[in-house]
Amino acid sequence: MSTAPRPRPSRAVEAQEGVKELILRRGLVAGDPLPTESELMEELGISRNSVREALKALQAVGIVDIRHGFGMFVGRMSLAGLVDELAFHSRITLQGGVNHLAHLTEIRELLESSLVQRLIDLGDEADLSPAAEVIARMEAEAQLGQVSPEIDRLFHDLLYRPVGNPLVSQLLGAFWDVFDQLRDHLGAPDESPADVARRHRDILDAVTAGDRTAAIKAVYAHFNGVRNRLARLGPD
């Protein structure tokens, strides 16, 4: 039984793969300098135009970081492109079902429900004091009539930091950035600042007590405010 030959990749794709293979072969990591355009041309055996097209494409996905006047470097992982795409498509669906935002909320809730259990598993190894300090600041803000988005975001970042997985912060930050871009389209929140602070306190207290059921319930309650705002916009 014969199979059709695999189509040859374009020169642009070959150039991109060549740059990626060079990074891997040399053991370069995020922030390390890359060879110059001329050096890449010589080592990869491709034209200057192909090199430039490849670098531009790799820059768009965060693999290459081009700093004009300084040089080219291996890029640091970023979810900025994903955030922009999710925010744009979520904004489209705001008119006809809020699907993307509702689904993003569900994914983040599932993630955080697992993370609080992971924290409980860590027990005394998890230092929750930074998150507790942020809760105190959040409660002080609530007494003044507003909980800032920055302090809310900081709480989640510090709470899950003991898990030791840097992708957690990146993913939660991406979800947060999507909602931040669409904040003005979601209407005013239903919860008072005091309620917001209390729901965050409930999560921390349940994790500190090692109560899995209470922790999962607290995470669910935390997202009720978002679900209510989405429900006002229309059916999922």
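1. Buried means under 20% relative accessible area, exposed over 50%, and partly exposed in between (1.4 Å probe, protein chains only). The model is predicted, so local features need pLDDT of at least 70 and side-chain atom pairs count only at pLDDT 80 or more, while totals for chains, interfaces and linings use all residues. Residues are numbered from 1 along each chain as its sequence is written, and side-chain values use heavy atoms, with hydrogens and water left out.

2. Start with helix α6, residues 129–143. Helices here are DSSP runs (H or I, at least four residues), numbered from the N terminus. Ala-131, Val-134, Ile-135, Met-138 and Ala-142 are buried in α6. They line one face of the helix, because seen down its axis they fall within an arc of 105 degrees (the arc is that of the directions from the helix axis to the C-beta atoms). Glu-133 and Gln-143, on the other side of α6, are exposed.

3. What do the buried residues of α6 pack against? Their partners are α7 and α9. Just after α6, Gly-145 has a positive phi of about 105 degrees.

4. Thr-105 sits in helix α5. Its relative accessibility is 4%, so Thr-105 counts as buried. Beyond its neighbours within four places in sequence, Thr-105 is in contact (heavy atoms within 4.5 Å) with Phe-179, Phe-223, Val-226 and Leu-230.

Definitions and conventions:
Helices (H or I, at least four residues) and strands (E, at least two) are DSSP runs, numbered from the N terminus. The expected span of a helix is 1.5 Å times one less than its number of residues.
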